[in-house]
Every structure is written in C-alpha cells, then in structure tokens.
Amino acid sequence: MHELSVCQALIREVEALAREHEARLVEQIVVRLGPLSGVEAHLLQQAYPLACAGTVAESAELVVEAVPIRVECKSCGAETEAKANRLLCGECGDWRTRLVGGDEMVLASVSMMTGTEH
Amino acid sequence: MCDTCGCNVTHGNAHLVQAGGKLEKTEQGRESLTVLKNLLSENDHQAGHNREHFDRRGILAVNLMSSPGAGKTALLESTIDALNGEYKVAVIEGDLETENDAERIRKRGVEAIQISTGSACHLDAHMVHDALHHMDLNGLDIVFIENVGNLVCPASFDLGQHRNITLLSVPEGDDKPAKYPVMFRAADLVLLTKADLLPVLDDFQPQRAERYLRELANDAPVLHTSVRSGAGVEQWLAWLGTELTAQRQRLAQGETARPAVQPEGATLHAGEHGGHHHPHHHLHHHD
C-alpha cells in the first residue's frame, strides 16, 4: 500500500538527478530491493506509471533487482542465506544473527540522455 | 555526504561502485549514473530533524505500532493514569480519519495532536514534523507517537523516534511475528496486550509468539499486559523509566539513539546528525 509513497519519493530523487545532470530524458532506473525492506517489487512496478507520469522519467524503464537475505551468525560467524521470517544461522541454527543484506531499498543507478536532441 | 563518502557501500551493492567510477558515459549524450541512495532518504532526512527536536528538549520519543484494535490508545490511556503526572507526556495520534483517539487522550488531561492521514496507511516523518509544530514540546519527558493501525507499512518509515514498540494482542493469534517479519523485526519491545484473555483463548501460546520473534533475530523483551486487570503495567512503566534515563544519559554525552532495527535508509544516514553510526544495542536484556 505504501509503495506509491515510495515510488513518488523515487521519482523526486530521479527528477533532482536529471536536473543536476541536465538530462532531457531518463531511460532506465535501477532499484535494489530486499524482502525485508517492506516494499513489494510488483506493487512498486504497479505504482510506477502513476508516479512517473508527466515527469522526465515518464518513458523510463524501472528495473527492480532482488537482493537476497543474508545473515551473519554472532555465535559461529558463518554468513548464510535466510528466509524473511527465519533469520537463523544456516550453519549452526542460532537465532542470534546480524542481517547483512536483504533490507535494502536503494536507488542503484539512473541512465539518462543529456545534451540536445539531434 | 553519505551519498559520496562511500559509507553506504554494503556487501550487497559493492560491485556497483567498482571500476568505472560513479558516473559512466556509455556513448554520446548517454549517461549512466550510480546513485546508491535510499529511496526514502527524503523521509529519513526529515526524521533526523524530528529527532533533533526531541533531543534538544531531552524528550524520549516512542513509536507505537500494531494492528488496528490491538489496544494502542487503551494502553496510552492507562499509561497516563498510572504515571499520575510522574512524567510529562504528549501524544501524536495517527489515523486515516476522525479525532476520536486524540479526544480520548485529551480527556486524560494530556495534550494530543491528531494527524488524519486521509488514505495513507502509515505516518511519515513530514506528518510528524507538522504535528510537532502544533505542540508545546517544552517541559515534556516522553512523546508517544501512535502510528496508524497496520502491521505492514509503518515499519518502513523512520519518524525520528528513539524506540519502537509493537503491540500484539492475544485475539490476533500467536503467529503474527512470523507473518509480519518486517514489523516485528523493528520492535525494541513487544507488548502482548489483552493478556487477560489468555485463559479463554488458549490456542494462543505466548512461548510460540516469542519463538517466532526470536526467529527474526530479535532479542526484544516481551511483556504481558492487560489494561483491564492492570497486569504488566508496572513493568511497562519501569521499561519507560529506564529508557528515559538512558536517553538523558546519552544526550548528556552528545549522543542520540535509534530503534535497534531501522530501515536501511536510516542507517545510511546515521552519521549526518552527530549521532552514533550504529544503532544502539538494547539497554535491557531478555532472560
């Protein structure tokens, strides 16, 4: 439900970057999302056309890269993949772990066209 | 700042910043820009500002999150009564519509500001900031922010609070932490509310709820409370007292605190406001 808010924030960010780089058109936006960010990739994709309409990013492709959940065990030190609701160490099973990846909600890169049109 | 200093490079994104640098010109007139910025950085910036408002006045800000009807407002009502003026508190209420909750709080003699979010399913830092400008923060000890009843969206937005409390009411079922991991991972304290119903709703097993919470690698304490019977209220007030003291001690050393787990954005920007670069560990331990 809050994906529209997130998408609007994303577009504001992209618009600012486009202004800064004097871009006339944004071609592609790459976002990296982890399952523990609280944002759903497909809902973000659905909200995107609403958020980008009428902006410099109107025709841009939104690419969402999924980031896996990884935890580092505080007991045995192993770094393993985990599920969103079972952040246990994949080696020793201890629950005392630290999340090292999977909560990202990051604007990774923006491709844009600058200069004048030919 | 954090966008350029490289402190936001993690295992997950490191490959994006290697070779080629920040900006890569691919062909004539086409630029590919590596950004690595949290999508909610605007919100997080505002949240940092809100935290400064609280910190400057020695206030502890607590964010209450739960499903609708888990008893957030009832908890606040009984908290205000039980505190009996020991701390000066104020409440920010978030709901889609109505002033009902703020009115309930005001009847207890405490200032309450209602934020009507319209259709928004969560509070954000800008809404809280607007509310702060309608409040007299001077002399306050604790500000409670009662978030919109929702176990999903509120967990993604930093408001400037120091601690997150998630309420789980017994009628909701003991597997909520497994179903809503983002929310329960964010809790610094879990209150098992309506605990007086445990004998009737005996399929709710508190140990199971707690096990699901631990499986989220969260060592937050779990308190059983009932505003009807008064059970657990004393421990809850003790927790608040400990947190307030800890907040004042931190401020005396020029530090602040964030909830133990914050959305990525808040940690990316942790260095901006002179606070710690890492979330503080709990000052309380679960046994």
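This is a predicted model: local features need pLDDT of at least 70, side-chain atom pairs count only at pLDDT 80 or more; totals for chains, interfaces and linings use all residues.
Two strands are taken to pair if DSSP finds at least two bridges between them. The bridge belongs to the pairing of strand S3 (residues 70–73) of chain A with S5(A), which is antiparallel and extends over four bridges.

Because A:Arg70 lies in strand S3 of chain A and A:Glu81 in strand S4 of chain A, the pair ties together parts that are 11 residues apart in sequence. Over all chains, a search of the whole structure finds 22 salt bridges.

Attention can now turn to the interface between the chains. Chain A and chain B each bring 39 residues to the contact. The area buried between chain A and chain B is about 3600 Å², and carbon and sulfur atoms give 58% of this area. In general, the size of an interface is often given as the accessible area lost when the parts come together.

Polar and charged pairings are also found between the two chains. Five salt bridges are counted between chain A and chain B. One of them joins A:Arg12 to B:Glu42, where the closest N and O atoms are 2.7 Å apart. The count of residue pairs in polar contact between chain A and chain B is 19, with both residues at pLDDT 80 or more. On the side of chain A that touches chain B, helix H1 (3–20), strand S1 (23–33), S5 and strand S6 (105–114) of chain A each supply at least two residues. S6(A) gives the most to this side, with 10 residues. Sorted by class, the side of chain A that touches chain B has 21 nonpolar, 10 polar and eight charged residues.

S6(A) also pairs across the chain boundary. Seven bridges join S6(A) to strand S2 (residues 30–38) of chain B, and the two strands run antiparallel. Within this pairing, A:Ser111 has B:Ser32 in S2(B) as its bridge partner.

Chain B has an open sheet of its own, with seven strands in the order S5-S4-S6-S3-S7-S8-S9 and parallel pairing. Strand S5 (111–116) and strand S9 (222–224) of chain B are the edge strands, each pairing on one side only. The twist of this sheet averages 20° from one strand to the next. Within the sheet, strand S3 (residues 60–65) and strand S7 (residues 163–169) of chain B pair in the parallel sense over four bridges, and B:Asn63 stands opposite B:Asn164 in S7(B). Helix H9 (residues 206–214) of chain B lies across S7, strand S8 (189–193) and S9 of chain B, and runs at about 160° to S9(B).

Conventions. Residues are numbered from 1 along each chain as its sequence is written. Chains are lettered from A and ligands numbered from 1 in the order in which they are written. Side-chain values use heavy atoms; hydrogens and water are left out. Contact means heavy atoms within 4.5 Å. Buried area is the accessible area (1.4 Å probe) that two parts lose on being put together, summed over both. A salt bridge is a side-chain nitrogen of Lys or Arg within 4 Å of a carboxyl oxygen of Asp or Glu. A polar contact is a pair of N or O atoms within 3.5 Å; within protein, one must be able to donate a hydrogen and the other to accept it, and residues adjacent in sequence count only if both atoms are side-chain atoms. Ala, Val, Leu, Ile, Met, Phe, Trp, Tyr, Cys and Pro count as nonpolar, Asp, Glu, Lys and Arg as charged, and the others, Gly among them, as polar. Axes are lines fitted to C-alpha atoms, for helices over the stretch in contact, and angles run from 0 to 180 degrees between N-to-C directions.
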